[in-house]
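Trainee: Could we go through this structure together, one question at a time?
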Amino acid sequence: MAGQGVEAALKLNEMYRYIAWRLALIVPTVLAASTVIFLVMRVLPGDITLVISGDVAVNPEVRETLREELGLNDSLHIQYGRWLWSMVNGEFGGRSLESQEAIGSMIGRQLPVTLLLTGYTILLSIVVSVPLGLLAATWKDRWPDRLVRVATLGGLALPHLWIALLVLLGLLLLFRWSPPIIYDAPWTDPWSHLQVMAWPTLILAWEYSSHLVRVTRSSALESFNQAYVTTARSKGLPGYVVVLRHVLPNALIPSVTMVGLQIGMLISGALILETIFGLPGIGRGLVRAAISRDYPVIQTLATLLVVLSLVVNLVVDMLYRVIDPRVSYSVDAGH
Amino acid sequence: MSHYDRHNPQPRKLIRFLGGIWPLTRARPLAALAITALLLVISAALLADVVATHDPLVQDVSQRLKPPGAEHYFGTDGFGRDIFSRVVHGARVSLLVGFAAVVMAAVPGISIGALSAYWGGKPDLLIQRIIDVLLGFPILVLALIMAVALGPSTIAVAIAIALALAPQIARLARASVLSIKGDTYVEAARAVGASSFRIIWRHLLPNSFPPVLAQVTGYFGAAVVAETALSFIGLGVPPPFPSWGRMLQEGARQYFEAAPWATIFPGLALSVTVLSSALLGDEVRDWLDRKRAVAIEPRSRE
């Protein structure tokens, strides 16, 4: 017994080391991603001041002041360093060119919306897709399976942009109802929050859960053929016990991996749906900034979305290791 | 078929191709359906000038917001423009951008992926870390900052989408080449002194291409959706060209309730295209898997 305790402690120790290692690995990735974003925004478009002033003819002096104000006269690496430092000290790239709002306060306002939307979607997708995947696998090639397969095909291939417009149109024409225009946080007005968030969550979850259902189904089908399931069956265990105790845990693992793999799709979807449903999240913020060429805002928000996708992947990776005890925590095998 | 000249296989090839259509339709109805739908959309795009019943750009105030009917199949929008003609011309823009984006993503993506797998070692590690970083970007975020940086033009949109897709294709191509790199015929080619270029071009690429191709077919749909999304949020194909994304945006912003058909039909065309390309990608992958299973089976039984 004592030996087991030591072993468990060692394993836990290994896990902490692994988590620390993964966290450390995120730093260079974020740095590299921010460099890509910075370079794309600074090098490609030529003179930013021309872009900012748009079609309006501006005299050179005004442009020079603007350049000075934005710090564009410094060399690139100094500009990049200054931007990075502002990410650390909480200024997040300064102020919006358009509204003059501090980007930090912008993020404070927008981030919860996006986190809630993506969080709801992931939770709903997992809750729905595991039973549906198992159902489809258990009734393979019968009508429940066919139904699930058609539904997932629709979820994967139908553009959510159009689905969202159709939903809004249907609600408007059939029920004379549209979601509230003003967003309310769940802690101020839960009912209004639910009304605003329900449809975008459902539409995003349709696509997201389609990925999960497909993976769950195929890995459940695979585990039906495994020796341990045959053994469990031959012991005389009832069908539902076999599915819940033996098929489910093994079908869950690839499905959890899928949550991480598809997070980029989810964030891209959130960008569009926040715009269509008028949710004041990071995605809509980025779209607005992109249209008004609000460079500091685009830079910071794009970086933030990349960080979000990396963090979700990290969390998924951790979860994956909790669910599947076979995975080792060895630092070398980690990536 | 015996009356054909045996030394001239061309007509036989054509006959075999045409003769293959019916068995394909019976064996794989979904694939046949997807191919038919895609061919319809593509020919509508190519023959837009013939198929369109009206000029897609001409405004006619007397014909504002007309519902679908015999004169305007898909109705008219708030400027009295014929939506059917705009959808057909929009197909041209949307498909062209999607196609160009996939080609521009596939060529560097496949080359870099194949080279990375072939070189192995440090160059491979470096390339893969760069690709890791790019894969950390949600596709639309990468396409969006590229579209902002490159400015509003049709070609810029295609480049932006291509740059967002290329890392994914590179990763696929690398995996695919890695899986066959150790095969006997590659060893044999190396043993007889074939150059690296020859090994990659004649052996690795042709043999790793099919699975990558299946994925790329699916990416075509993704590229068209990305174009629609960028145009919808106002960063895509500039006016006056109708693209499906811009039509959806105008439909939703300006006369959503007054003319639902202005939102429904462009989206329908988009969905048919994307659904067929996804289906076709699935079917091609399925077919390749089966083909490979047949090819591997006898060997594994030995």
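Trainee: Are B:Asp77 and B:Arg81 buried or exposed?

Mentor: This is a predicted model, and in it the side chains of B:Asp77 and B:Arg81 meet in a salt bridge, with 3.0 Å from N to O. Residues count as buried when their relative accessible area is under 20%. By that cut-off, both B:Asp77 and B:Arg81 are buried.

Trainee: Which residue meets the side chain of A:Arg109 in a salt bridge?

Mentor: A:Arg109 is partly exposed, its relative accessible area being 45%. The partner is partly exposed as well, at 23%, and the N to O distance in the pair is 2.8 Å. That partner is A:Glu101.

Trainee: Which residues are linked with A:Asp141 in a network of salt bridges?

Mentor: A:Asp141 counts as partly exposed because its relative accessibility is 41%, and A:Arg149, with a relative accessible area of 36%, is also partly exposed. These two form a salt bridge in which the closest N and O atoms are 3.3 Å apart. The network links A:Asp141 with A:Lys140, A:Asp145, A:Arg149 and A:Arg217.

Trainee: Which helix contributes the largest share of the nonpolar patch?

Mentor: The nonpolar surface patch covers about 550 Å² and is made by A:Leu124, A:Val127, A:Val128, A:Leu132, A:Leu135, A:Trp139 and A:Leu202. A:Leu124, partly exposed at 30% relative accessibility, is found in helix 5 of chain A. The largest share, five residues, comes from residues 103–138 of chain A, that is, from helix 5.

How values were computed: Residues numbered from 1 in each chain as written. Chains lettered and ligands numbered in written order. Predicted model: local features only at pLDDT ≥ 70, side-chain atom pairs only at ≥ 80, totals over all residues. Heavy atoms only, no water. Patch = residues over 30% accessible without salt bridge, like charges linked within 9 Å, V, L, I, M, F, W, Y side chains within 5 Å. Areas by Shrake-Rupley, 256 points an atom, 1.4 Å probe, with all protein chains shown as cover. Salt bridge = Lys/Arg side-chain N within 4 Å of Asp/Glu carboxyl O. Helix = DSSP H or I, 4+ residues; strand = E, 2+ residues; numbered from the N terminus. Buried < 20%, exposed > 50% of the residue type's maximum accessible area, 1.4 Å probe, protein only.
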